[in-house]
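Please read it alongside the sequence and coordinates.

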There are 2 protein chains.
Amino acid sequence: MPLGGVEEIGSNMTLIKTSNEDILIDCGILFPYEDFFDIRYLIPDFSILDPSRLTSIIITHGHEDHIGAIAHLISDFPHIKIYATKFAHNLISKKLAEKKLTCQYHLYHSKEELRFNEITVTPVFVNHSIPETHGLIIIHEELNWAQLYISDFKVDLTATHEEPIDLDFIRSKLSPYKNTAYFLDSTNVLNDGKTTSENELTKDLKSILARDEQRVFMTLFSSNVSRLNTITKLAVESGRKIVLMGRSLFTYMEAAFETGHLELDPSKFLLADQGKLVESKILVLLSGCQGDFLSALRRFSFGEDSNFKPQPEDLVVFSSKVIPGNEKKISRIYNKITEFGAEIITASDALIHASGHPGKKDLELLITAFKPDYYFPIHGESYMLRKHKEFIEERFPEIETQVIYNYHEVHFREEGIKVEVHPPLEPVLIHGRGTPIEKTQISQRRKMATQGAVFISYLKKSNTIQISTVGLPLSAQNLLPQLEHRLLKLINETLYHRQEEYFIDQVKISTRQFYNNILGYKPVTEVHLY
Amino acid sequence: MPLGGVEEIGSNMTLIKTSNEDILIDCGILFPYEDFFDIRYLIPDFSILDPSRLTSIIITHGHEDHIGAIAHLISDFPHIKIYATKFAHNLISKKLAEKKLTCQYHLYHSKEELRFNEITVTPVFVNHSIPETHGLIIIHEELNWAQLYISDFKVDLTATHEEPIDLDFIRSKLSPYKNTAYFLDSTNVLNDGKTTSENELTKDLKSILARDEQRVFMTLFSSNVSRLNTITKLAVESGRKIVLMGRSLFTYMEAAFETGHLELDPSKFLLADQGKLVESKILVLLSGCQGDFLSALRRFSFGEDSNFKPQPEDLVVFSSKVIPGNEKKISRIYNKITEFGAEIITASDALIHASGHPGKKDLELLITAFKPDYYFPIHGESYMLRKHKEFIEERFPEIETQVIYNYHEVHFREEGIKVEVHPPLEPVLIHGRGTPIEKTQISQRRKMATQGAVFISYLKKSNTIQISTVGLPLSAQNLLPQLEHRLLKLINETLYHRQEEYFIDQVKISTRQFYNNILGYKPVTEVHLY
């Protein structure tokens, strides 16, 4: 039963229920899908989880949409064991340490059989865009069922920086079973072709780094360690010193170093205040390729970084793609950099970004290697899930393909499958230091954001009124004496002797009408009466 | 001097200054480029305009980014004359009537010479995506200067629903002059090819409308009257009754009917409450292809329309593109429709949308017809302007190409050009019923939206405190008794006899600290003291 990750890209979390034990796969965050005003992220509602049955969580890889909510989970369920590879473990344990949480780990390796009460789970290495990503082969011997669950992957058979996905192993593991099912990634299913290999990027990255510009700035997804290795190696070869800017680059570089994934000695990297003094050629790596408000890239692009500002002689390279929803933030960055005169190269101009998700040809390769009986598109928005299903049905009509959404429960029986639909729980909005905030409260915030606020207090004894406004146009604020006059008149003529509740209501109504007549909208109004 | 429209797509407005008269081209709105909380649009700051010199405004076409701010302009400068074609005039005069404004018009036709004191302006018909779009040929005989200014166009030489752009006329008008300049559209310059002709869409639209589904829903840009004609004609041919939903469809249909652009008798169209009763095949046209919050398409997609809700047997067709920035709103609509089970066809699945803006090949055709001495990319964001310039420089190195931004003033002299840079004025934010709101006030709103608000009043005489909160998480609201205790303690122990200003400040600081400790952020706090 997926608790997140189907219907949306993010908050990936799937519940495996066996007769005497529950096991989770992943526990990620979802970035807001509409304007919730600085809400940091959404997480699945954990209230459906049963602490007496939940024993374990298996982590497929270290991306935030798979591990980002784990501190919330462990604080609610401190007894469960986390199964992860060493890279994901490194990221998770630091996350938990920040919240002063600890927990029990099992560090798994590829092809290790993780034995639970009723099922065995065998992680199988897959290509993706962060080290040590795994799919899971879930086997229930008694029911004669084998499933392959890969939320994020691509097929990179020519990979040199890592092993290619082992299709033979997958086939050999699944073949013995009577019933088989695939749960596969829908993120990139609108791409009809084959996803680019990381190796194919070397040529263009190399020629960019070999250019004459003294300063090359480059942004990428910080968790893509293999890309970081490629870029930093090419930069050194082209005689560039490497400067790092941005917290998430340091986070992933540190994890990569500590787990043996970093090829270059990190002591070779410079900080921004050292890098700005270098007169020879440099490569400045910046995090924030999605244009996040406080990111190094945005600070730099807007000319707000104290060490580096864009100059006409600079080259700024986006070795990344635009995640849907971030188009406008990123165009503003292109525009700002252009206004400073620097040149921009994006993945539209050169082959410098490869997705980590499967195109249709990648999916075909996996299905051709072993054809399952059942097929469930996961990791995608509803529209993508449907497109994924339509593709599989057309290309492999012999497979029974079905779209499931969050809180749909797929029962695996010896005789086949049954899907049971449960009412979905709303995801929980997390703000500030990790506190949930209710949607009702967000809607109060929305009212203040779109209509401003007015605070009024009135002391009967002295017939005194005070009015404060927040977020009203100055033209309306200048009308405060008029509003005061209107309210005092209303109070003295009709409200003075009325009950408190009625009094307050009428003052609110009159205030909101006053502004509505002028502005066409009604500010949030609070009234205190003494 | 552009006052808007270069650096951004929107708020198109260009000032032509002659020695004794100022003339404007267009007066459009810009949609918010970042989150301004329900701000309706931005307009250029008119304070740079001189009422004693400004005599006229020439409108190129009726899109909102060219006429949307005209009511604001006429209310500030009621004496100026509007030059427009009958279609744009129809839209503008209704806009002004809503605000009870009137003004003087000159209805121009193609190739008419509009004579001003020093210059002559000849409108030349161009292909675009709304009827009667014109470029302007601006001639200053004395200075021997001719300019071609086309903010929005494409080259559609095979157009049948309208005249193709008349390249011969442009050449013949510009050729006699010593100095010539182009000002051309950058919107679609990242497209290396030729923009699709409206005619090419007929095939796929026809086969979609001929499908078996009883109900086909289709959305498009409401102002694209020629597309409306094509679609409604094909729908009738395929035996479908036509239902209209959405205010902007009615606005443009009415204008098209009144100006003779509508091919079908509008009495043939049904309203939604009639259309829902039809049992034969129907086509429901919906406005809101960009997913706007209150649009017909969004209401329908979310299952919130009382007449039509998506059903599994329905076909929903997007004869439109996603304007950058609207990706997430539109994906949500795709997802909602998919969750209802209906099928979706977009411009990625079939050739059912054509841009109204020139690709590189369109620009080439215009430049090949007549090669100007000077060239200025307009109508685009800074990044596009630069890409446009780079393309022209590479393809036509003999032309002097230059990027100008808003408030750059290009002086045309007999001996050539000179560009003077002026500090740009910030655009004005328009909210509610048309009232400007200051950025400082928006930032107050942002604080309330992201951190909530607390309103406190205190009556010394009775040592009574009242606290209201708006938009705080319920977990924090439950702590109000604690906050009250803390504030009363502070007041009674240290503040009671202090001056009002200090008293209020300390109560604010203590309140904000209280919440910061719990939530990690500080609500906006207002305090009244009696």
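## Relation of the two chains

The model is predicted. Any two copies of a chain are related by a rotation about an axis and a shift along it. Here, chain B is superposed on chain A by a rotation of 180°, with 0.0 Å of shift along the axis and an RMSD of 0.0 Å. This is therefore the relation of a two-fold axis. Within chain B, B:A449 has the C-alpha nearest the axis, at 2.6 Å from it.

## A three-stranded sheet in chain B

In chain B, three strands make up an open sheet with mixed pairing, and their order is 28-27-29. Strand 28 (464–470) and strand 29 (524–529) of chain B are the edge strands, each pairing on one side only. On average, and with direction ignored, neighbouring strands of the sheet are turned by 15° against each other.

Seven bridges join strand 27 (residues 453–459) of chain B to strand 28 of chain B, and the sense is antiparallel. B:S457 has B:Q466, in strand 28 of chain B, as its bridge partner.

## The helix on the sheet

Which strands does helix 16 of chain B touch? This helix, residues 500–519, packs on the sheet and touches strand 27, strand 28 and strand 29 of chain B. The direction of helix 16 makes about 145° with that of strand 29 of chain B.

Terms used. Residues numbered from 1 in each chain as written. Chains lettered and ligands numbered in written order. Predicted model: local features only at pLDDT ≥ 70, side-chain atom pairs only at ≥ 80, totals over all residues. Heavy atoms only, no water. Least-squares fit on C-alpha atoms with pLDDT ≥ 70 in both. Pairing = 2+ DSSP bridges. Helix = DSSP H or I, 4+ residues; strand = E, 2+ residues; numbered from the N terminus. Axes fitted to C-alpha atoms, helices over the stretch in contact; angles between N-to-C directions. Contact = heavy atoms within 4.5 Å.
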